[in-house]
There are 2 protein chains.
Amino acid sequence: MKIAVLGTGMVGQALAGRLAELGHEVTVGTRDVAATMERTEPDGMGNPPYAAWAAGRDDLRLAPFAEATADAELIVNATSGGVSLAALTAAGTANLAGKVLLDISNPLDFSRGFPPTLFVKDTDSLGEQIQAAFPDLRVVKALNTLTAALMVHPQQLADGQHTVFVAGNDAGAKKAVTGLLADFGHTDIVDLGDISSARGTEMFLPLWLRLMGSLNTPMFNVKIVR
Amino acid sequence: MKIAVLGTGMVGQALAGRLAELGHEVTVGTRDVAATMERTEPDGMGNPPYAAWAAGRDDLRLAPFAEATADAELIVNATSGGVSLAALTAAGTANLAGKVLLDISNPLDFSRGFPPTLFVKDTDSLGEQIQAAFPDLRVVKALNTLTAALMVHPQQLADGQHTVFVAGNDAGAKKAVTGLLADFGHTDIVDLGDISSARGTEMFLPLWLRLMGSLNTPMFNVKIVR
């Protein structure tokens, strides 16, 4: 499948690499290709800049948001929550219409330091804001509740015995995303309901961040025991 | 141990019953004893009114908040989040000073219907509000992330292979609460840090509520797989 992965950071790298490994034709989308390729410093978490990570990966193409999404059949939003709406706007409504968006973003606001707060919550969510801004996009919130390495290689932890969630208004889109998650190795995928249930998974982030602090690793996930 | 359980609803009943079963001397605290005993209707969730539930339980005493807490060594806040500060105020600062409070409350606001929203979140929490209002109370947020039956009988589900959390500023108080949780049967108790980490567990409620809807049962819990 032709897939656009928007975002060149840790999450974008993880998704793009794994999707290419699974045989998909992946284009990574960014605001400014030259600026992305010129960056030589690791990000705040110590992850490599895109150019260093992508060196030698001839199966990946880097393109501006609009070009990356133009012929994509499915789009992954792996941008930071604070720029997600801008990135999708730059992609352009015409390039998004009717397509499935796997939305991994979280509305994290680091302006007051760590731990971040949420710039939308409780009565709204970033997933819903994206769906409202692009009504013809078939938004599915998923994978925003665990670290990038486990999003795409869940079997690394407890043989994959843990849970991920999908939330969205379009049953066909949820089926497509669920299929991808299963291809990644996820075995327990809980459908939470319509896109408003993204509120729940986005509001899980403060607990996730505290757990990362207590456990001193991001390599954990929840399992819904029932 | 002499324990006061504030609140006569589902959570108060579960805690009071289990603590008495474990041999503790339990007094249930309420605003108005006569009004509580006169109530004959089940609550909104179909749980029995206190008088029906307590009938024949000679090991439990019902008293106004101040009387219930006066000689208690440990206090459980099992009131609805919206009235928790009022209940503790009615108990009186002198009756709270120096004592451990196991705070189970959640800041749920049902005024706009179901699902409820949170009346405090993200940059503050009900746990912190209680700690700030009663600086001499040793507040430990715990058990607010699962249904009442599983709070006190975790072994009912997957032999207890699931997780609960504690958050609080006082190490001794967290140790006391952790001991009680272990007595209930909890085997995986994660210390999230100071009372500000109550934000994380309170903000988990929206996800919990969506999960209850999707799974069609409250008899589930998270396990932190790591």
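Predicted model: local features only at pLDDT ≥ 70, side-chain atom pairs only at ≥ 80, totals over all residues.

Q: How many residues does the contact take from chain B and from chain A?

A: Two residues are in contact if their C-beta atoms, placed from the backbone, lie within 7 Å. The contact takes 35 residues from chain B and 35 residues from chain A. Of the interface residues of chain B, 100% are also interface residues in chain A, so the copies meet through the same surface.

Q: Which element gives the largest share of the side of chain B that touches chain A?

A: Elements are DSSP runs numbered from the N terminus: helices are H or I of at least four residues, and strands are E of at least two. The largest share of that side comes from α11(B), with seven residues. By class, the side of chain B that touches chain A has 16 nonpolar, 12 polar and seven charged residues; Ala, Val, Leu, Ile, Met, Phe, Trp, Tyr, Cys and Pro count as nonpolar, Asp, Glu, Lys and Arg as charged, and the others, Gly among them, as polar.

Q: Which residues of α11(B) are buried, and what do they pack against?

A: A residue is buried if 20 or more other C-beta atoms lie within 10 Å of its own, exposed if 12 or fewer, and partly exposed in between, with C-beta atoms placed from the backbone. The buried residues of α11(B) are L205(B), P206(B), L207(B), W208(B), R210(B) and L211(B). They pack against elements of both chains, including β10 and β11 of chain A and β7 of chain B.

Q: In what sense do β11 of chain A and β11(B) pair?

A: Two strands pair if DSSP finds at least two bridges between them. Strand β11 of chain A, residues 221-225, and β11(B) pair in the antiparallel sense over five bridges. Within β11(B), I224(B) stands opposite V222(A).

Q: How is the packing of two helices described?

A: Two packed helices are described by the angle between their axes and the distance between the axes. Axes are lines fitted to C-alpha atoms, for helices over the stretch in contact, and angles run from 0 to 180 degrees between N-to-C directions. The axes of α5 and α7 of chain A come within 11 Å and cross at roughly 10°. That makes α5(A) roughly parallel to α7(A), a term for angles under 35 degrees. Residues making the contact include L85(A) and L88(A) of α5(A) and I130(A) of α7(A).

Q: Where do L143(A) and P115(A) lie, and what marks their backbone?

A: L143(A) lies in the loop between β8 and α8 of chain A. Its phi is positive, about 65°, although L143(A) is not a glycine. With 30 C-beta neighbours inside 10 Å, L143(A) counts as buried. P115(A) lies in the loop between β6 and β7 of chain A, and the peptide bond from F114(A) to P115(A) is cis, with omega near 0°.

Terms used
Residues numbered from 1 in each chain as written. Chains lettered and ligands numbered in written order. Parallel < 35°, antiparallel > 145°, perpendicular 65-115°, else oblique.
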